[in-house]
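Thanks for coming. I have one structure to go through today, and I will start with a question once it is on the screen.

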Number of protein chains: 2
Amino acid sequence: MKRSAFYVSDGTGITAETLGHSLLSQFGSVEFSQTTIPYVQSNDLAREAVTRINQAAERDDAAPVVFSTLVHDDHREILHTCKGRVLDLFTAFLQPLEDELGVRSSHQVGQSHAIRDQQAYRIRINAVHFALDNDDGARTRHYDQADVILIGVSRSGKTPTCLYLALQFGLFAANYPLTEDDFDDLRLPDSLVPHKDKLFGLTINPDRLSAIRSERKAGSRYASPRQCEMEVRALQALYNKFNIPHLDATELSIEEISTRILAMKGLTRRLQ
Amino acid sequence: MKRSAFYVSDGTGITAETLGHSLLSQFGSVEFSQTTIPYVQSNDLAREAVTRINQAAERDDAAPVVFSTLVHDDHREILHTCKGRVLDLFTAFLQPLEDELGVRSSHQVGQSHAIRDQQAYRIRINAVHFALDNDDGARTRHYDQADVILIGVSRSGKTPTCLYLALQFGLFAANYPLTEDDFDDLRLPDSLVPHKDKLFGLTINPDRLSAIRSERKAGSRYASPRQCEMEVRALQALYNKFNIPHLDATELSIEEISTRILAMKGLTRRLQ
C-alpha cells in the first residue's frame with residue numbers, strides 16, 4: 001500500500017517533517033511518498049499547496065496525510081479545504097497552551113525554528129569550527145576548551161557525532177582516534193591523560209566495522225575482520241582499565257549516540 | 001513570567017523538543033526553563049519523570065508544560081498523572097492516522113527517530129566525510145560527485161551549511177571560498193567553471209561579516225568594515241555576471257539557509 005504524505009510549513013518544514021517521520025514510523029506496513037512544501041507565506045502559496053495535495057489524492061485514489069505547522073489563520077483555512085487528512089499541529093496544541101499560560105500566542109509566521117538569534121548562531125558556528133579543528137586528533141592543545149572528547153577506533157562514528165553535538169547542542173566536541181600503538185601497551189595517549197574526565201568511548205561491532213572500512217579500502221589489512229576484531233577487543237580492555245564511560249554505536253543513529261552521550265556525561269547543552 | 005517545560009520521550013527526545021520549541025516560540029513574553037527526559041522506556045522511568053515534573057510544579061507554583069512522544073500505553077498513563085499540562089503528540093495524532101490509513105500503529109517504543117537503518121547511516125556518514133574532504137576549496141577534483149557547491153567569502157556560513165546539508169539530507173555539498181584574486185578580474189576560478197550549474201552563492205551583510213571576522217582576528221585588514229564591504233560588493237557583481245543563484249544569509253538560521261538552497265536548486269534529498 002502506497003500513500004502520500006505532505007509536510008506544509010511557513011518556515012523550513014523541519015518541525016512538520018520531524019513529527020511526521022515519528023508518527024509515520026509507527027506504520028511500518030505502509031509505504032509513504034513524502035513531499036515537503038516549505039515557506040508557505042501567502043494565500044497564493046497556500047492554494048498552490050492545496051492543488052498539489054489534491055493532485056496526489058486523485059493519483060493515489062486516497063486522501064494524502066498532511067502535517068501542517070502553518071500559523072496564519074487565512075493560510076490554515078485555505079489548507080483545510082484540501083482533499084487530504086490535515087493534522088494541524090498548531091490547532092491541536094496552541095489553544096491548550098494559550099489556556100495554560102494565560103497568554104495569546106503571537107501567530108507569527110516563519111517563527112517555527114528557534115535557533116535564529118545572533119548569539120545562538122555564533123555559538124553554533126564556533127562549535128562547528130571547534131569540531132573541525134579538533135577532529136581526528138589533529139590538534140590536542142585546545143582540549144581544555146572541550147566539553148567532551150570522543151575516542152574510539154577509526155570509522156566508528158566519532159566525527160559525525162562531534163558535528164551533530166556541535167550543530168544541535170552547540171557543544172565543543174573533539175575526537176581522538178585510538179590506534180594499535182595505544183593498544184600494544186594498553187595505555188592512554190599522553191595528550192588524553194590530563195583530560196580523562198572528558199573522555200567518552202565509542203565501540204562498534206567488529207563485523208560492522210570491517211564492512212564500513214571495506215567500503216573505503218577493500219581487501220586491506222585495515223579492513224580485515226581479524227584486524228577489526230583485535231582493535232575492538234583491545235579498545236574494550238582500555239575502556240575497562242581506565243573506567244571510561246562508553247557506548248556501543250552499532251545499532252544507533254547519530255541522534256541516539258549524541259543524546260546518550262549528553263545523558264551519560266551529564267553535559268549541559270549550550271543551545272536549547 | 002517563568003515557566004517550566006519538559007520534553008518526555010522513549011527515544012532521543014528530539015521530536016518532542018522540535019515541536020515544543022516551535023510552539024513555545026509563539027509565546028515570546030514567557031521565559032521557559034526547559035528539561036529533556038529521554039529514553040523513558042519503563043514504568044519506573046515514567047514515574048521518575050512524574051516526580052521531576054511535580055517538583056517543578058511545586059517550585060514554580062504553576063503547572064509545567066509537558067510535551068510527550070511516549071507511545072507505550074502504560075508509560076503514557078503514568079505520565080498523565082503528573083501535575084503538568086501534558087501535550088501528548090501520539091494521542092493527538094495517532095488515532096486520526098489509524099482511522100485514515102485503516103491500519104493499527106505498532107506502538108513500538110524508541111522508534112521515533114527514523115534515520116536508523118544501515119543504508120541511511122552510510123549515506124549520512126559518506127555525506128559528512130564528503131563535506132569535510134571538500135571543505136574550503138581544499139580539494140576540487142571530486143566536484144563531479146557534488147550535489148551542490150557553495151561559494152562565498154570567508155566566514156559567510158558555507159561550512160556549517162554544508163555539514164547540515166550532509167547530516168540532515170545526506171547531500172554531497174562542497175564549498176569554495178572566493179577571495180580578492182577572484183574579484184580583481186571578476187571571473188570564476190578555473191576549478192568552478194565546469195561545475196557552474198552546481199554553484200550556489202551565499203552573501204552576508206558587510207557589517208555582520210566584519211563583526212564575525214573581528215571575533216577571529218580583531219583589528220585586521222581581513223575584518224575591517226572597508227574590506228568586508230569591498231568583498232561583498234564584488235561578490236554580488238560576480239553572482240550577477242554569471243547568473244548564479246544566491247541568498248543573503250545574514251538573518252537566516254542554518255536550517256533556513258539549507259532548506260532554501262534545497263528549494264532554489266531543486267535538489268532531491270538522499271535522506272527522508
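Predicted model: local features only at pLDDT ≥ 70, side-chain atom pairs only at ≥ 80, totals over all residues.

Which side chain does Thr159(A) join in a polar contact of 2.7 Å? The partner is the side chain of Asp135(A).

Leaving out residues up to four places away in sequence, Thr159(A) touches Asp135(A) and Asn175(A) in its own chain, and Val128(B), His129(B) and Leu132(B) in chain B.

Thr159(A) also carries an annotation. The UniProt record, an unreviewed entry, has a "binding site" covering Gly152(A), Val153(A), Ser154(A), Arg155(A), Ser156(A), Gly157(A), Lys158(A) and Thr159(A). I take two other residues from that list.

Ser154(A) is in the loop between strand 5, residues 148-152, and helix 6, residues 158-169, of chain A. With a relative accessible area of 23%, Ser154(A) is partly exposed. Apart from neighbours within four places in sequence, its contacts are Leu209(A), Arg213(A), Arg216(A) and Tyr222(A).

Arg155(A) belongs to the loop between strand 5 and helix 6 of chain A. Its relative accessibility is 19%, which puts Arg155(A) in the buried class. As background, a negative phi is what most residues other than glycine have.

Asp136(A) is another such case, with a positive phi near 55°. This residue is in the loop between helix 5, residues 118-133, and strand 5 of chain A. Asp136(A) is partly exposed, at a relative accessible area of 47%.

Now the contact between the two chains. Chain A contributes 83 residues and chain B contributes 83 residues. About 7,900 Å² is buried between chain A and chain B, and carbon and sulfur atoms give 62% of that area.

How many salt bridges run between chain A and chain B? The count is ten. There are also 16 residue pairs in polar contact between chain A and chain B, counting pairs with both residues at pLDDT 80 or more. On the side of chain A that touches chain B, helix 4, residues 89-101, gives the most, with eleven residues. That side of chain A divides into 35 nonpolar, 28 polar and 20 charged residues.

Glu17(B) pairs with Arg269(A) through their side chains, at 3.0 Å from N to O. Arg269(B) pairs with Glu17(A), again through side chains, at 3.0 Å from N to O. Why does the pair of Arg269(B) and Glu17(A) join two chains? Arg269(B) lies in the segment after helix 10, residues 254-265, of chain B, while Glu17(A) lies in helix 1, residues 14-24, of chain A, so the bridge crosses from one chain to the other. Both Arg269(B) and Glu17(A) are buried.

Over all chains, the whole structure has 34 salt bridges.

In one of them, Asp44(B) bridges to Arg47(B), with the closest N and O atoms 3.0 Å apart. Both residues lie in helix 2, residues 43-60, of chain B, three residues apart, or about one turn of the helix. Arg47(B) is partly exposed, at 45% relative accessibility.

In the other, Asp88(B) bridges to Arg76(B), with the closest N and O atoms 2.9 Å apart. This pair links distant parts of the chain: Asp88(B) is in strand 4, residues 85-88, and Arg76(B) is in helix 3, residues 73-79, twelve residues apart. Are these two residues buried or exposed? Asp88(B) is buried, with a relative accessible area of 6%. Arg76(B) also counts as buried, at 16% relative accessibility.

One last item on salt bridges. Arg3(A), Arg85(A) and Glu100(B) are joined into one network by salt bridges that share partners.

That is what I have; questions are welcome.

Definitions and conventions:
Residues numbered from 1 in each chain as written. Chains lettered and ligands numbered in written order. Heavy atoms only, no water. UniProt positions renumbered as here; feature names shortened; annotations may be inferred. Helix = DSSP H or I, 4+ residues; strand = E, 2+ residues; numbered from the N terminus. Buried < 20%, exposed > 50% of the residue type's maximum accessible area, 1.4 Å probe, protein only. Contact = heavy atoms within 4.5 Å. Polar contact = N/O pair within 3.5 Å; in protein donor to acceptor, adjacent residues only side chain to side chain. Buried area = accessible area lost by both parts, 1.4 Å probe. Salt bridge = Lys/Arg side-chain N within 4 Å of Asp/Glu carboxyl O. Nonpolar A, V, L, I, M, F, W, Y, C, P; charged D, E, K, R; others polar.
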